[in-house]
Amino acid sequence: MFEITGVEQKRCWDESIMPPVENVRPGLWSIPVPIPDSPLRYVLVYALELAGEAGVAIIDAGWNTEAAWTALTGGLTQVGFGIADVRAVLVTHIHPDHFGLAGRVRENSGAWVALHPADAAMIPSPGAVPFSGLISNEQQHHSRSGVPPLDETEIAAAAAMMAGHYASFTAPDVLLEDGDRPELPGWDLRAIWTPGHSPGHLCFADAGRGVVLTGDHVLPRITPNIARHPHSGPRPLASYLDSLARIARLEEEFVVEEVLPAHEYRFRGLADRAGTIAQHHHERLEEMVKLLVEQPGPTSWELTARMRWSRPWADIPTFMRRGATGETDAHLELLADGGRIHRVGDQPGRWFTGPAATASG
Ligand SMILES: [Zn+2]
Ligand SMILES: [Zn+2]
């Protein structure tokens, strides 16, 4: 049964204030690290005290800003460590709120940084300036989905944003694959590959302590963004639903006493929550099929405008509409792979129910 265990974190969430640093288990703390201008407010960095040596490993690092750095180093000090005591940074995925500060932590501590190879593959090689290529890929993807192209201001903003992210992205020292047990004295942490939200997303389980660290894969309140875009990898939603089933099965392996997510608050009921999120996506899939039956032939952009959102479409700014269309695209891809719908044309593609007509003659 789903139950919020991070009661203080939840109270702070409701009051729109930062939660405190908390001792979650012996030798395990959560440190909230602020994210600039984000409704997610903070990422929860977990600090794991290592046995036999004065040191810690951290799971995720935070966004690359001074405020985040101050919160991270301050949080570590509060629990008895300096930044130089960090031996390892295990990153759940490449998104800047998790990976952004990893390089700076390494510079100040000599820690090794670990990431799954599928996310590591997205880090551009040093010296490469891939922004124009990335943006033109994105524009192409947009025109296929019927999304209005980025104007010049938006292109400049996107390039600046990417440059900011990439500047802080550092190559990992260790690649963690599914099932790997990173070398952390006193811990029996197992990496669980859960692609979907990002192609190389990792969760971490410690069966002995009864905890699962879920990153962005399973959150207590919101469903993580699952979108099809040029760097999402193919079939992100199918991968994500498989990964949800996978993480839920941990409850058959050991008693999961608590789930430690990277945002919001701690909870219990991993399989329950994973089931609720999967159900949400299945409802979205059915909503799309129904809309295509009622009015066939929309582009992905047009269909997205007809979906239910948390606020009226007219109030949603264009950049968020584009993001929402990426989510629609992930769902449409899954439906099309199952033969329930098909696309006609390409620039833009238009969607209809039923399987694609097989080519003949
Ligand atoms: Zn993320
Ligand atoms: Zn995140």
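**Close-up views of a predicted model**

View 1. Strand β2 (residues 22-25) runs antiparallel to strand β3 (residues 28-34), and the two pair over 3 bridges. Here, strands pair if DSSP finds at least two bridges between them; helices (H or I, at least four residues) and strands (E, at least two) are DSSP runs, numbered from the N terminus. Look for Asn23, whose bridge partner in β3 is Trp29. This hairpin has 2 residues between its strands, and Gly27 takes a positive phi near 75°. A note on the model: it is predicted, local features need pLDDT of at least 70, side-chain atom pairs count only at pLDDT 80 or more, and totals for chains, interfaces and linings use all residues. Residues are numbered from 1 along each chain as its sequence is written, while chains are lettered from A and ligands numbered from 1 in the order in which they are written.

**View 2. Helix α12.** After α12 comes Gly339, with a positive phi near 80°.

**View 3. The β14–β15 hairpin.** Strands β14 (residues 341-344) and β15 (residues 350-353) run antiparallel, joined by 4 bridges. His342 sits opposite Phe352 in β15. There are 5 residues between the strands of this hairpin, and Gly345 in the turn has a positive phi of about 80°.
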